[in-house]
Amino acid sequence: MHLITSAIELANIIRQGGVIAYPTEAVWGLGCDPFNESAVRRILALKSRAESKGLILIAGAQDQLTPWRKTLDAHAAQRLISVRETPTSWVVPDTQITPSWVRGEHQSVAIRLSQHQAVQALCAAFEGVIVSTSANPAGLEPAMSAEEVNAYFGDKIDAIFHAPLGKAAKPSQVRDILTEQLFRA
């Protein structure tokens with residue numbers, strides 16, 4: 001298990017096309033540069049996840065969401081950067097910014113502004129959004145510890161962020177940015 005405590009070192013791994021595991025608000029996630037097609041495909045293969053399903057993006061600061069905010073009306077743009085008690089991933093219309101290998105079959109992408117310190121540090125060091133998908137092969141429960149990540153993926157990932165898991169009871173809810181319709185509670 002290759003545990004790393006430096007967000008800067010992890011961001012460099014991501015920039016070089018690497019795949020990492022990191023703690024989110026509720027479960028461990030797998031992450032990479034969403035604009036690196038081979039890194040995204042590597043995550044899809046690790047999870048045995050169909051590309052058509054799409055992946056979530058995560059940001060650690062409002063400015064990292066600027067490209068998507070510019071496409072929204074004022075109310076929706078405010079929702080995207082709002083701080084909520086429950087972690088919320090917003091489904092944002094998008095066919096121009098996010099690559100198809102992240103969006104899947106959708107004309108939108110799910111994006112979350114995280115309040116979790118480890119995610120904020122990682123996205124700040126990377127200077128942008130990263131992929132955020134639960135660290136588990138299809139059909140298995142999401143990893144709840146670095147040890148579980150290691151048991152699932154071993155040396156098939158490049159590093160594990162040695163930082164604490166958040167205190168949320170469950171993974172983010174997923175809502176439509178325009179209507180607030182709930183897709184995942």
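**Before you start**

The model is predicted: local features need pLDDT of at least 70, side-chain atom pairs count only at pLDDT 80 or more, and totals for chains, interfaces and linings use all residues. Residues are numbered from 1 along each chain as its sequence is written, and side-chain values use heavy atoms, with hydrogens and water left out.

**Stop 1: the annotated span**

Select residues 4-185. An unreviewed UniProt entry annotates this span as "domain: YrdC-like". UniProt positions are given in the numbering used here, feature names are shortened, and annotations may be inferred rather than shown by experiment. The span is 30% helix and 22% strand, and its end C-alpha atoms lie 32 Å apart. Helices (H or I, at least four residues) and strands (E, at least two) are DSSP runs, numbered from the N terminus.

**Stop 2: the sheet**

Now show the strands. An open sheet of 10 strands runs in the order E1-E8-E2-E3-E7-E4-E6-E5-E9-E10, with mixed pairing. Strands E1 (3-4) and E10 (182-184) stand at the edges, each with a single partner strand, so one side of each has no neighbour in the sheet. Two strands pair if DSSP finds at least two bridges between them. Strands of a sheet pair through backbone hydrogen bonds, either parallel or antiparallel.

**Stop 3: strand E7**

Select residues 130-134. Is this strand enclosed or open? Of the 5 residues of E7, 4 are buried, so the strand is largely enclosed by the rest of the structure. Buried means under 20% relative accessible area, exposed over 50%, and partly exposed in between (1.4 Å probe, protein chains only).

E3 and E7 pair antiparallel over 2 bridges. Look for glycine 29 opposite serine 134.

**Stop 4: strand E2 and helix H1**

Move to E2 (20-23). In a regular strand the side chains alternate between the two faces of the sheet. Both faces of E2 are covered: Ile20 and Tyr22 are buried on one side, Ala21 and Pro23 on the other. A hairpin through 4 residues joins E2 to E3. These strands run antiparallel, with 4 bridges between them, and alanine 21 stands opposite leucine 30. E2 also pairs with E8, in the parallel sense, over 2 bridges. There, isoleucine 20 has alanine 159 as its bridge partner.

Bring up helix H1 (residues 7-15). H1 lies across E1, E2, E7 and E8, and runs at about 140° to E8. Axes are lines fitted to C-alpha atoms, for helices over the stretch in contact, and angles run from 0 to 180 degrees between N-to-C directions. Contact means heavy atoms within 4.5 Å.

**Stop 5: arginine 112**

Arginine 112 sits in strand E6 (residues 108-113). The residue counts as buried, at 5% relative accessibility. Which side chains does arginine 112 reach with polar contacts? One is glutamate 25, at 3.0 Å. Another is serine 89, at 2.8 Å. A polar contact is a pair of N or O atoms within 3.5 Å; within protein, one must be able to donate a hydrogen and the other to accept it, and residues adjacent in sequence count only if both atoms are side-chain atoms.

Leaving aside neighbours within four places in sequence, the contacts of arginine 112 include Thr24, Ile56, Pro87, Ser132 and Ser172. Threonine 24 is 88 residues away along the chain, and the two C-alpha atoms are separated by 11 Å.

**Stop 6: helix H4**

Select residues 74-81. The buried residues of H4 are Ala76, Ala77, Arg79, Leu80 and Ile81. Their cover includes helix H3 (66-69), E5 and E6. At the start of H4, a side-chain oxygen of aspartate 73 comes within 3.0 Å of the backbone nitrogen of histidine 75.

**Stop 7: two loop residues**

Most residues other than glycine have a negative phi, and most peptide bonds are trans. Serine 48 has a positive phi of about 55°. Serine 48 lies in the loop between helix H2 (37-47) and E4, and is exposed at 57% relative accessibility. Glutamate 180 has a positive phi of about 65°. Glutamate 180 is in the loop between E9 and E10, and is partly exposed at 28%.
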